[in-house]
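Student: Hi! Could we go through this structure together?
Tutor: Happy to. Have a look at it here, and ask away.

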Amino acid sequence: MTLDNIDIIIKKMEKALHEKQPRHTALRKLQMEEQDNPFKVLIATILSARTRDETTTKILVNLFRRFKGAKDLAEADIEEIKAIIRSTGFYNTKAERIKNISQLIVEKFNGEVPDNIEKLLGLPGVGRKTANCVLVYGFNKAAIPVDVHVHRISNRLGLVNTKTPEKTEFHLSHTIRKKHWLRINQTFVMYGQNICTPIKPKCKLCRLKGMCNFYQNTNTFA
Ligand code: SF4
């Protein structure tokens, strides 16, 4: 089975977003500014967990002002990394992860981030969402990173009926043609941050009401 109306869904989301003119997500901004820098995308995705986009962007700039890339971070004093990223949540764990990953990338991959999912998943603490973000935003390769926004909106629309982001990724990747994959994360995340928000979604602004299970089952928001 293929999900043939995904192009229409994405276009309707883009139109609604265009009217609202929201900021780009941290990863999309990075992709546009850096023109394919998988290492920065990888570090940004680690930093972004439970952290606001603006904070992630600010910390990333400070981190890479001090350390130029994987080799510098592999050799860095862990306390210095912690001090720079202190304003993100879980900075102790994130600092250790950043250093460990940098060391592995230098030792095993000659300083280059691998561009396939199996090798990315072999890096310490890298799960499917992070690995898929690196593929999409760092290498421009077709993948569907599923975060809380992609998971929630896919379920509200009825594209999937799943309990976990991993299952959502599995179902979306089996029903959506590959040519659409690159646009899904960017569009759904912006939509989730600005219109189909976790609490009190702004259904009034949404052009997908007619095809949304959640709206049709509740229809209490306006
Ligand atoms: S109608 Fe409401 S719940 Fe459904 S996708 Fe749009 S904003 Fe989200």
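Student: Let's start with α9: is it mostly covered or exposed?
Tutor: Mostly covered. This is a predicted model, and in it 10 of the 12 residues of α9 are buried. Among them are Lys129, Asn132, Val134 and Tyr137.

Student: What covers those buried residues of α9?
Tutor: The cover includes α2 (26–34), α3, α8 (117–121), α11 (165–175) and α12 (181–194).

Student: How far does α9 reach from its first C-alpha to its last?
Tutor: The helix spans residues 128–139 and reaches 15 Å, close to the 16 Å expected at 1.5 Å a residue. After α9 comes asparagine 140, which has a positive phi, near 60 degrees.

Student: Switching topic: which residues touch the most other members in the largest nonpolar core?
Tutor: Those are Val41, Leu42, Ile43, Ala44 and Val134, in a core of 55 residues. Helix α3 (residues 38–48) gives this core its largest share, 7 residues.

Student: And where does that core lie relative to domain 1 and domain 2?
Tutor: Between them, because both domain 1 (6–22 + 144–218) and domain 2 (37–139) give residues to it.

Student: OK, the domains themselves. How many residues of each are in contact?
Tutor: On the domain 1 side there are 9, and they are in contact with 5 residues of domain 2. On that side of domain 1, α11 and α12 each supply at least two residues, and α11 has the largest share with 3.

Student: How do the residues on that side of domain 1 divide by type?
Tutor: You get 5 nonpolar, 1 polar and 3 charged. As for the domain centres, taken over C-alpha atoms, 27 Å separate them.

Student: Last topic, the ligand. Which residues come nearest?
Tutor: Cys196, Cys203, Cys206, Cys212 and Tyr215, out of 14 residues around the ligand. Two elements give two or more residues to this shell: α10 (148–157) and α13 (213–218).

Student: Which element gives the most to the shell?
Tutor: That would be α10, with 3 residues.

Student: And how many of the shell residues are nonpolar, polar or charged?
Tutor: The shell has 11 nonpolar residues and 3 charged ones, with no polar residues.

Conventions
Residues are numbered from 1 along each chain as its sequence is written. This is a predicted model: local features need pLDDT of at least 70, side-chain atom pairs count only at pLDDT 80 or more; totals for chains, interfaces and linings use all residues. A residue is near a molecule or strand if its C-beta atom, placed from the backbone, lies within 6 Å of it. Helices (H or I, at least four residues) and strands (E, at least two) are DSSP runs, numbered from the N terminus. Ala, Val, Leu, Ile, Met, Phe, Trp, Tyr, Cys and Pro count as nonpolar, Asp, Glu, Lys and Arg as charged, and the others, Gly among them, as polar. A nonpolar core is a set of buried Ala, Val, Leu, Ile, Met, Phe, Trp, Tyr and Cys residues joined through C-beta atoms within 7 Å. A residue is buried if 20 or more other C-beta atoms lie within 10 Å of its own, exposed if 12 or fewer, and partly exposed in between; C-beta atoms are placed from the backbone. Domain bounds come from an automatic or database domain assignment. The expected span of a helix is 1.5 Å times one less than its number of residues. Two residues are in contact if their C-beta atoms, placed from the backbone, lie within 7 Å.
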